[in-house]
Amino acid sequence: MPIPRILLFGKVGHVGWELRRTLAPMSRLVCVDYPEVDFTAPDSIRRHITAAAPDIIVNAAAYTAVDKAESELALATTINADAPGIMAEEAARRG
């Protein structure tokens, strides 16, 4: 069975750190986070997916400033809803 290539978005948070530690021994792991990838720019997300050519995409990136989420609703929505949507589109396109 070939070793899967996994692209992990959000490598520096608590969840991302644990995922890096857990996934690394069982995959060819590529990890990215802000500012390497701009989660507000669909082309940036797509570019990283294309460059990594992953078999699996894992998203641990999130807007987590709960106290600011209401005043920065557009940013929170872009990072927590739109960016994962772009990742899902690219995953579907890649099969």
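**Reading a predicted model: questions and answers**

Colleague: What makes Pro2 exposed?

Modeller: Pro2 has a relative accessible area of 70%. Exposed means over 50%, so Pro2 is called exposed. Keep in mind that this is a predicted model.

Colleague: Where is Pro2, and what separates its C-alpha atom from that of Thr40?

Modeller: Pro2 lies in the segment before S1.

Colleague: Why is Glu72 called partly exposed?

Modeller: Its relative accessibility is 31%. Buried would need under 20%, and exposed over 50%. Glu72 falls in between, so it counts as partly exposed.

Colleague: Where does Glu72 sit, and how far is it from Met87?

Modeller: Glu72 is in the loop between strand S3 (56-59) and H3. Glu72 and Met87 are 15 residues apart in sequence, and their C-alpha atoms are 22 Å apart in space.

Colleague: Which elements does the protein have, and in what order?

Modeller: It has 3 helices and 3 strands. From the N terminus they run β-α-β-α-β-α.

Colleague: Why is the protein said to be as compact as a globular protein of its length?

Modeller: Its radius of gyration is 13 Å. For 95 residues the globule rule gives 12 Å. The two values are close, so the description holds.

Colleague: What box do the C-alpha atoms fill, and what share of the residues is buried?

Modeller: Along the principal axes, the box is roughly 50 × 30 × 20 Å. Buried residues make up 29% of the 95.

Colleague: What makes a set of residues a nonpolar core, and which members touch the most others here?

Modeller: The residues must be buried, of nonpolar types such as Leu or Phe, and joined through side-chain atoms within 4.5 Å. The largest such core has 15 residues. Leu7, Phe9, Val37, Phe39, Ile45, Ile49 and Met87 touch the most other members. Strand S1 (5-9), helix H2 (42-52) and helix H3 (73-94) each give two or more residues to this core. H3 gives the most, with 5 residues. In soluble globular proteins, nonpolar side chains tend to be buried together.

Colleague: Which residues does Phe39 touch, leaving aside those up to four places away in sequence?

Modeller: A contact needs heavy atoms within 4.5 Å. Among the residues Phe39 touches are Phe9, Tyr34, Ile45, Ile79 and Met87. Gly10, Asp33 and Thr78 are also on the list.

Conventions. Residues numbered from 1 in each chain as written. Predicted model: local features only at pLDDT ≥ 70, side-chain atom pairs only at ≥ 80, totals over all residues. Heavy atoms only, no water. Helix = DSSP H or I, 4+ residues; strand = E, 2+ residues; numbered from the N terminus. Rg over C-alpha atoms; globule rule 2.2 N^0.38 Å. Buried < 20%, exposed > 50% of the residue type's maximum accessible area, 1.4 Å probe, protein only.
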